Amino acid sequence: MSAHHGLSSPGAIAEKGELDVETIRRDFPILSQRVRHKPLVYLDNAATTQKPRAVIDALLRYYETENSNIHRGVHYLSEVATEKYEKARERVRGFLHAESTSEIVFVRGATEGINLVAQTYGRANLSAGDEVLISAMEHHSNIVPWQMICDEKNARLRVAPIGESGELDFGAFEQLLSPRTKLVAITHVSNALGTINPIRQIVQAAHRLHVPVLVDGAQSAPHLPVDVQSLDCDFFTFSGHKVYGPTGIGILYGKAALLDDMPPYQGGGDMISSVTFEKTIYNKLPYKFEAGTPNIAGAIGLGAAIDYVQAIGLQRIAAHEDHLLAHATAALEAIAGIRIIGTAKRKAGVLSFVFGEIHPHDVGTILDQEGIAIRTGHHCAQPVMQRYGIPATARASFGLYNTIAEVDALAAGVGLVREVFA
Ligand code: PLP
């Protein structure tokens, strides 16, 4: 097994404009599998992405040769593990273009990133009558943590509506901003609709009233170049497993001044600089928010995943996925009875649809028999389903390794569904 396998191949093709998808696919061992006696067509990337050999190797290497606890030992392995963990933090800083690694907190994933802000910033800053403003296209993980803290504080959750195409009603959003608003929490890209939200505009509007903005980047980090300084958002969170990295690791970015003012999330080892029974002094950023032994292997694996996608280039990944999405949209629109849910002008990576009266679950089951993996259900966004008056959708979501042939297989599979139900 070569330590560099998977890093060299995308780098080698970086000169060309288009992705050499066939070469990339060889970096992902799972993709060569057959499932249900058919070649695997993996179109459930919004749920989680597959892992390149470079990430798998980084995890293996860590446990085989580097495993040790970090920030504590004077011995060799502890130094190696600590250095690798902190290097991964630096990679994430570069990936998000944050100013400093002290603004990069390792968490379990986007869900934990949002809960951290709700339980620290929210608890410290919300009082009775205050408001948190979200949108109608949020994932449950950007709804429920706010409901919990609003309930506790007698604060109010406000929801900016979306139009029929799945775009944020920006005028309504602006009207909902008021001196009562203490935080805006909004998704960058909707996992159910694919809509890309105008984050800069949202941040500018919120900042005019000195309201900080948390961006749920779970679906944008894998598909779009992200620059937290240029977006000027106050918090940004994403999950490693959706950017070709391991599960159980994710990132919360926060502006240093805000993080500094926030109370810690959890208490324990590593988040302190000194403890007596009378008084504990908390550690500096970002360690104040990293209590206990973290997911060291996960962080290192995430660093390898970031190296991998950056070697290819987020712009090129975005262009490739746009091409897949446009092709898939046209192919499905051509099938009588298909209704696409989410037709925003700016979309990324996701194609949600319903097919006449056929239940999305049946669509998914028939496609599965063809080796095609899609998602069916409410996608942890039940209010989005309620908005469209449907119980569920079928959702194909694309990643950097998907091909036009796979999109064609999806369309052919959907054609088969019609035959079954004819
Ligand atoms: N936000 C969005 C938009 C998502 O799509 C998801 C996952 O599907 C999440 C948050 C939660 O991510 P995780 O379950 O990795 O914490």
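Analyst: Happy to! Two strands are taken to pair if DSSP finds at least two bridges between them, and the strands themselves are DSSP runs of at least two E residues, numbered from the N terminus. With that in hand, find Ile341, which stands opposite Ser352 of S14. Please keep in mind that this is a predicted model.

As a general point, strands of a sheet pair through backbone hydrogen bonds, in either a parallel or an antiparallel way. Here S13 and S14 are part of an open sheet of four strands, ordered S13-S14-S17-S16, with antiparallel pairing. Its edges are strand S13 (338–341) and strand S16 (375–377), each of which pairs on one side only. From one strand to the next, the twist averages 30°.

What packs on this sheet? Helix H15 (residues 404–421) does, touching S13, S14 and strand S17 (393–397). The direction of H15 makes about 15° with that of S14. H15 also has a helix partner: helix H13 (residues 360–369) packs with H15 at an angle of about 115°, their axes 9 Å apart. The crossing of H13 and H15 is right-handed. On the H13 side, the contact is made by Asp362, Val363, Ile366 and Leu367, while H15 brings Leu410, Gly413, Val414, Leu416, Val417, Val420 and Phe421. Sorted by class, the H13–H15 contact holds nine nonpolar residues, one polar and one charged.

Now for the other sheet, which leads us to the ligand. Seven strands form an open sheet in the order S4-S10-S9-S8-S7-S5-S6, with mixed pairing. Strand S4 (104–107) and strand S6 (156–160) are the edge strands, pairing on one side only. Neighbouring strands in this sheet are turned by 20° against each other on average, direction ignored. Inside it, strand S7 (residues 181–187) and strand S8 (residues 213–216) run parallel and are joined by four bridges, and Thr187 has Asp216 in S8 as its bridge partner. Helix H8 (residues 199–208) packs on the sheet, touching S7 and S8, with its direction at about 175° to that of S7. Helix H5 (residues 110–125) lies across S4, S7, S8, strand S9 (235–239) and strand S10 (250–254), and runs at about 150° to S9.

Thr187 and Asp216 turn up again around the ligand, in a set of surrounding residues that also includes Ala110, His139, Asn191 and Ser239. With Ala110, a polar backbone atom is 3.4 Å from an oxygen atom of the ligand.

Two backbone details are worth a look before you close the viewer. Most residues other than glycine have a negative phi, and most peptide bonds are trans. Asp232, in the loop between helix H9 (228–231) and S9, has a positive phi near 65°. Leu285 and Pro286 are joined by a cis peptide bond, with omega about -5°; Pro286 sits in the loop between strand S12 (280–282) and helix H11 (296–312).

Key: Residues numbered from 1 in each chain as written. Predicted model: local features only at pLDDT ≥ 70, side-chain atom pairs only at ≥ 80, totals over all residues. Heavy atoms only, no water. Axes fitted to C-alpha atoms, helices over the stretch in contact; angles between N-to-C directions. Contact = heavy atoms within 4.5 Å. Left-handed = near helix turned anticlockwise from the far one by under 90°. Nonpolar A, V, L, I, M, F, W, Y, C, P; charged D, E, K, R; others polar. Near = heavy atom within 4 Å. Polar contact = N/O pair within 3.5 Å; in protein donor to acceptor, adjacent residues only side chain to side chain.
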